[in-house]
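Open the model in your viewer and keep the selection tool ready. The tour moves from stop to stop, with something to select at each one.

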Amino acid sequence: MNDSPSGPTNLAQDSANVAVQAEAIHGPVNVYQVAAAPSPEETFEAGLNSLRAGMAPEAREHIRNAVVLHNYVNGHSCFYLLLALLSGRTLQQVPPKEIAMLRCVRGAVNDDDEWADAIKLVDHLLTSRPANGGAADIEQELQKLTDEQRNDVLQHMEMFLDSSAEDALWARAFDAARSDRCAKDRLRRAWKFFQPEPIGARVRPADPVLIGVGTWTAATATTALALATVGFIGATAWQDNGPAAVSALLALAAGCYASVRSGVEWRCRKERRQAKDREDLRRPATTRGDGFASKIDQQFKHYFALYTPRDADSARWLSETAGVRRALRDEVVTIYRESTVNAKRVAWLTRYLVADVARRWQAGKLWDYRKELRVPLLVKAMCVLAAIATAAAGGILVWSGAHVRPLFVSLAAVAALASVWSAARLWLRIAAEYRRHSADKAEREGLLAGRQEAFDRWKRKLADRPDDLEMARWLECDRKALMEQAMSLYRLKRQDVLAHAFIEAPATPFYDRARVENGPWRYSKYKILLFLLTKDGVRQLTVHLDFQKATFRSRARTNYRYDAFTFVQVAETDNGENVFELTLTNGDPIKVKVTDPPTDVTETEDKDPQGASQVTLGTAGLDNALHVLEGVAAEGKEWIAFERQREKVPLAEVSKAVNAIFA
């Protein structure tokens, strides 16, 4: 923790070089969007979801359309229209035309409506002051509300709790935040939100049978020639010694069959082993760039380093499996390389493949294929002996036939030897290719079955992924928890805080991020700045939030006087980043990158990256923070008193509009 005196402290170094570790787009989901021809109920529901997600501008638009345009008027809709108008901003920031919308629903609610108490409480929070006892009954009014109504009031009326509520009201908000902060199994489920929807299991298809027409023609022609010449020799030998010729022909046929059969087995095993050796023993190539192949390469490097077998030498493990890593990496790149695929959607497969390699390596089974594909001595012996028997039978036939027609049998013998040798080689190649294709198909089916099981396990693991509304509620509870810590740290009572503001930004150096369609980015790690305006000056607390673990770390305290402000802005850089900058009279500017630049649409599958950035800005608390800090920078400490005076007119208008809702 970095405590500092009341002078300014430079925090700019924390905002340098933010890198996105991973991202995901969840969709399509109908949380924040409406159909082409939505019903009033659907429009209102989209607005309500947007409000609870912290997307107040979108909530105001949807709820206004439902209430004003589609006449969806009841106590429920009027209450949330009122909250949407006030959420995340002061009365000075509420345009008069929006206040006038409330008058459009004049007489929509009566005192018997279940939402009447909630609407009246909002009015009391706006108009009551502790000094005149106006807040004395607010706690009792809160007791009348449901948990849902109470939580929504405490969340969206936060700007009006600074001056209108007693300590008990803040304590209630803090208690609710503590209760809900890790509710719904957050610590076990939150990380799943940042995982993209995985792509199904695939394997590289077996190479087709590579036998051309020429090979088939040559095999047929040489076989026909072999049969003709051997038949001529056999017929001639029959004239010399019939029984011996028949025996020799049978031995020749059996020998050819046995030698080709065992030869096919020999050749298949040898070629498959050589192919696997070439594939698994080659060295990895260097991959450059930020494309899909590069990201897959990084995944394999990361998981091979992470999954080093227990008690194994890391250098030896990586060296011996370098070829395997390259082969698996190339396969994943080949079967998933599509223009719209996010590399992290196949990370489940990378983990499975690496874990399988680690398991086999540790068990000493990584190179088992060499044993399985080793040619047995029996196969070799059968092939050699069958070839010898074939040659002997052929010699007997030629010898017998030469006694009858020496010249013609000799010429036929030469042609028979050449054609039989050529036919045997061609048919051996054809049979081996079909055997190779069949073995490849069987191997691919086994691989696909294993990968499908891994994919199903991963899908089941992600089945209870939290939705965006749960993420928003947890983040709201984190903000409340930080507020409570800050007030305790600075020893402030609730009435000591004249105004406050939050800014939420992704934390450096690495973080995951994800969003649903039309929703804001949610981050696995946040950098949160809390500004507390007191009578003595500004108290700034900067923390890093590990959202998945619900823990704060790297807490930094900064204090400065009101006259220390010189400049505050949110600027968009050339690459599309939005950076909050606060300049003080002494010290370097405080800079925080609030949103990332728009990313590559094809890689993130994001249809509207620029829109996502704007929505995220709206949920980061910037509007209110800028309103407060710009006011202080322009008017100093007097801004607080001036703001109270300026609130009187819109306060009266809002109160009249709220009262007009009741019959």
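Start by selecting helix H23, residues 622-635. H23 lies across strands E8, E9 and E10, and runs at about 150 degrees to E8. Lying across here rests on contact, meaning heavy atoms within 4.5 Å. Axes are lines fitted to C-alpha atoms, for helices over the stretch in contact, and angles run from 0 to 180 degrees between N-to-C directions. Helices (H or I, at least four residues) and strands (E, at least two) are DSSP runs, numbered from the N terminus.

A word on the source: this is a predicted model, where local features need pLDDT of at least 70 and side-chain atom pairs count only at pLDDT 80 or more, while totals for chains, interfaces and linings use all residues. Residues are numbered from 1 along each chain as its sequence is written, and side-chain values use heavy atoms, with hydrogens and water left out.

Now select the three strands. They form an open sheet in the order E8-E9-E10, with antiparallel pairing. Two strands pair if DSSP finds at least two bridges between them. E8 (565-572) and E10 (590-595) are the edge strands; each has a single partner, so one side of each lacks a neighbour in the sheet. On average, neighbouring strands here are turned by 15 degrees against each other, direction ignored.

Zoom in on E9, residues 578-584. Five bridges join E9 to E10, and the two run antiparallel. Pick phenylalanine 580: its bridge partner in E10 is valine 592.

**A second sheet**

Alanine 499 stands opposite leucine 533 in E5.

**Two helix pairs**

Select H3 (residues 75-86) and H7 (residues 147-156). Their axes come within 10 Å and cross at roughly 20 degrees. Show side chains: Phe79, Tyr80, Leu83 and Leu86 of H3 meet Glu148, Gln149, Asp152, Val153 and His156 of H7. By class, the contact has five nonpolar, two polar and two charged residues. Ala, Val, Leu, Ile, Met, Phe, Trp, Tyr, Cys and Pro count as nonpolar, Asp, Glu, Lys and Arg as charged, and the others, Gly among them, as polar.

Next, select H13 (residues 292-306) and H16 (residues 347-362). Their axes come within 9 Å and cross at roughly 40 degrees. That makes H13 oblique to H16. From H13, display Gln299, Phe300, Tyr303 and Phe304; from H16, display Ala347, Thr350, Arg351, Leu353, Val354 and Val357.

**Last stop: a salt bridge**

Select arginine 272 and glutamate 443. Their side chains meet in a salt bridge at 3.7 Å, N to O. The term means a side-chain nitrogen of Lys or Arg within 4 Å of a carboxyl oxygen of Asp or Glu. Arginine 272 sits in H12 (residues 242-280) and glutamate 443 in H19 (residues 406-461), 171 residues apart. The whole structure holds 38 salt bridges.

Key:
Parallel < 35°, antiparallel > 145°, perpendicular 65-115°, else oblique.
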